[in-house]
Amino acid sequence: QVQLVESGGGSVQAGGSLELSCTASGSISSIVVMGWYRRAPGKSREMVATIDRGGRTQYADFVKGRCTISRDAGYTVNLRLNNLKTGNTATYYCHLGYKITRHSPRWREWGPGTRVTVSS
């Protein structure tokens, strides 16, 4: 019922920038939190940045100072990555925490992943 559509991934040289976008659709009553996670080759998935329903943000230490997460009034979240490093090469996944009704428990959904490749 809920789908996350991601875009913006690609291949860039070190020092370049990318903006990832994720739009959620379906039976969503309210957004609790949206964010981006990444999985690098041979490593587990880890949080990159999140933004909650109040607009409060959190960033992983490895992107602080060169990353901005934002959300519009609807169900779209964006992640701006600047000054990319080769170590940022990974598949990035959109994450959604939401409620299907005002009083329901929180549900979670993951996007299919979008690839970011940074070359030297």
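Predicted model: local features only at pLDDT ≥ 70, side-chain atom pairs only at ≥ 80, totals over all residues.
Me: Which elements does the chain contain, helices or strands?

Reply: Helices (H or I, at least four residues) and strands (E, at least two) are DSSP runs, numbered from the N terminus. Here there are eleven strands and zero helices.

Me: How does the radius of gyration of the chain stand beside the globule rule?

Reply: The radius of gyration is taken over C-alpha atoms, and the globule rule is 2.2 Å times the number of residues to the power 0.38. The chain has a radius of gyration of 14 Å, close to the 14 Å that the rule gives for 120 residues, so it is as compact as a globular protein of that length. Along the principal axes, the C-alpha atoms fill a box of roughly 50 × 25 × 20 Å.

Me: What holds the strands of a sheet together, and in which order do the four strands of the open sheet stand?

Reply: Strands of a sheet pair through backbone hydrogen bonds, either parallel or antiparallel. Two strands count as paired if DSSP finds at least two bridges between them. In this structure, four strands form an open sheet in the order E1-E3-E8-E7, with antiparallel pairing. Strand E1 (3-7) and strand E7 (67-71) stand at the edges with a single partner strand each, so one side of each has no neighbour in the sheet. E7 pairs with strand E8 (residues 76-81) over five bridges in the antiparallel sense, and Ile69 stands opposite Leu79 in E8.

Me: Where is the disulfide, and which cysteines does it join?

Reply: A disulfide is a pair of cysteine sulfur atoms within 2.5 Å. A search of the whole structure finds one, and it joins Cys22 to Cys94 with an S to S distance of 2.1 Å. Cys22 lies in strand E3 (residues 18-25) and Cys94 in strand E9, so the pair ties together parts that are 72 residues apart in sequence. The torsion about the S-S bond is about -85 degrees, so this disulfide is left-handed. Cys67 is in no disulfide; the nearest cysteine sulfur, that of Cys94, is 13 Å away.

Me: Is Ala49 buried or exposed, and which residues does Ala49 contact?

Reply: Buried means under 20% relative accessible area, exposed over 50%, and partly exposed in between (1.4 Å probe, protein chains only). Ala49, in strand E5 (residues 46-52), is buried because its relative accessibility is 0%. Contact means heavy atoms within 4.5 Å. Leaving aside neighbours within four places in sequence, Ala49 is in contact with residues including Trp36, Tyr59, Cys67, Ile69 and Leu79. Cys67 is itself buried, at 7% relative accessibility.

Me: What share of the 120 residues is buried?

Reply: Buried residues make up 42% of the 120 residues in the chain. Thr91, in strand E9 (residues 90-99), is buried at a relative accessible area of 17%.

Methods. Residues numbered from 1 in each chain as written. Heavy atoms only, no water.
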